[in-house]
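Have the viewer open as you read.

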Amino acid sequence: MSEDRLKQVFADSLGIDRTLIVDGLEFNSIPEWDSVAHMTLVAAIDRTFDVTLETEDVINMSSFAAAKEILRKYAIQF
Amino acid sequence: MAQLSLDSANTLEYRDTPWDQRVLGFNTNEILSINYSSDKSLSELLELFEKECRSRNVLFTVSRFDASRFELKSMMHQHGYYLAEMSFQLLKNDMQQSEFSSEKKLNLKLERPREEDFGQMQQIARDDFHFGRILEDPNIDRQKARARSFHWIEDLRRQEKEFWVIRQNERVIGFWIQQVEGASASLILAGTAEKASMLALPFWKLCLQDLQLRNVLEVRTLISSANVRAVNLYRHLEFKFERALLGLHRMRNQ
């Protein structure tokens with residue numbers, strides 16, 4: 001369920017199809033995920049999961065897999 | 001700066017470029033402007049310049065001209081210049097009407113650099129900057145181009161430009177170097193460490209907000225057209241694209 005929600009957040013924030021969202025999807029690996037979109041994505045994750053990602057998390061969230069890892073720190077289960 | 005001229009309407013201004021010479025190991029210069037009244041006089045000016053370069057053993061010349069100067073582009077190609085890069089001159093002249101706050105608040109603070117920060121900035125410039133007139137020149141060794149970026153930081157420091165940095169875990173992860181004169185600011189060089197490049201937007205907003213609070217009305221900068229990430233960043237920040245500039249270079253045999 002959480003993975004589905006996170007995929008939707010990624011899809012909506014980056015404007016990409018859900019099928020592209022795999023663990024290996026990385027920041028700057030597609031034109032849609034640039035520094036501008038990254039902040040939209042981070043704000044959307046904060047809202048959707050009711051968390052406040054720290055600056056370190058924002059830097060480390062360099063892939064879909066990393067996003068899941070970071071959210072686990074906030075007790076979000078995948 | 002020096003000038004060659006056929007008459008008052010046909011002039012070519014140029015300068016030595018010790019910052020290029022330092023890393024390339026041979027004499028270099030830059031054409032700053034060319035004014036001409038005909039194709040014939042343009043050709044004569046370029047030949048005069050060529051003579052001057054050969055007499056001083058200048059092996060490498062750079063220049064930047066408005067991309068819409070089609071005849072100049074054509075003539076320079078005929079005189080052995082090649083297209084090395086293209087840049088955009090950008091302008092934001094609605095600083096006081098702009099909004100620079102972000103939905104996501106981060107713990108980023110603009111600070112003046114400490115002594116130990118300059119080495120870190122040099123490393124970022126050398127290792128994480130991939131675009132620029134020399135970095136993009138296919139005839140320049142990449143390591144030498146990187147060394148030029150490294151030294152540029154110290155050059156700007158000696159020129160007493162205004163430096164700002166942001167840190168994470170006490171390491172510099174981004175820097176911004178500008179010159180502010182009254183209500184105008186010129187952004188000379190800015191960037192983040194590669195690993196922190198996702199912070200570009202909030203970092204840029206922080207710097208622009210600081211300028212806004214200082215009552216700066218307009219900000220100008222120059223970026224490579226090949227740096228699509230930067231192009232999109234400035235587009236998002238609603239900078240206007242004032243001009244496209246072609247970087248025409250010439251490498252001469254020894």
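## A tour of the A/B contact

N215(B) sits in the loop between α6 and β9 (218-224) of chain B; helices (H or I, at least four residues) and strands (E, at least two) are DSSP runs, numbered from the N terminus. Its phi is near 65°, a positive value in a residue other than glycine. Over in chain A, N28(A) has a positive phi too, near 70°, and belongs to the loop between α1 (2-14) and α2 (35-49). Most residues other than glycine have a negative phi.

Buried means under 20% relative accessible area, exposed over 50%, and partly exposed in between (1.4 Å probe, protein chains only).

| Residue | Relative accessible area | Class |
|---|---|---|
| N215(B) | 53% | exposed |
| N28(A) | 24% | partly exposed |
| T55(A) | 6% | buried |

A word on ground rules: this is a predicted model, so local features need pLDDT of at least 70 and side-chain atom pairs count only at pLDDT 80 or more, while totals for chains, interfaces and linings use all residues. Residues are numbered from 1 along each chain as its sequence is written, chains are lettered from A and ligands numbered from 1 in the order in which they are written, and side-chain values use heavy atoms, with hydrogens and water left out.

As for confidence, chain B averages a pLDDT of 97 (the predictor's confidence in each residue, from 0 to 100). The complex gets an ipTM of 0.93 and a pTM of 0.95 from the predictor.

Now the interface. Contact (heavy atoms within 4.5 Å) links 20 residues of chain B with 18 residues of chain A. Together the chains bury about 1500 Å², 63% of it on carbon and sulfur atoms; that's accessible area (1.4 Å probe) lost on being put together, summed over both parts. On the chain B side, K104(B), Q168(B) and M198(B) lose the most area, together 43% of what that side buries.

Which side chains meet in a salt bridge? They are D46(A) and K104(B), at 2.6 Å, N to O. The term means a side-chain nitrogen of Lys or Arg within 4 Å of a carboxyl oxygen of Asp or Glu, and the count between the chains is 1.

Back to T55(A), in helix α3 (residues 55-60) of chain A. A polar atom of its side chain lies 3.2 Å from the backbone nitrogen of N107(B). Leaving aside neighbours within four places in sequence, T55(A) touches L106(B), N107(B), L108(B), Q168(B) and L199(B).

How values were computed:
Buried area is the accessible area (1.4 Å probe) that two parts lose on being put together, summed over both. A polar contact is a pair of N or O atoms within 3.5 Å; within protein, one must be able to donate a hydrogen and the other to accept it, and residues adjacent in sequence count only if both atoms are side-chain atoms.
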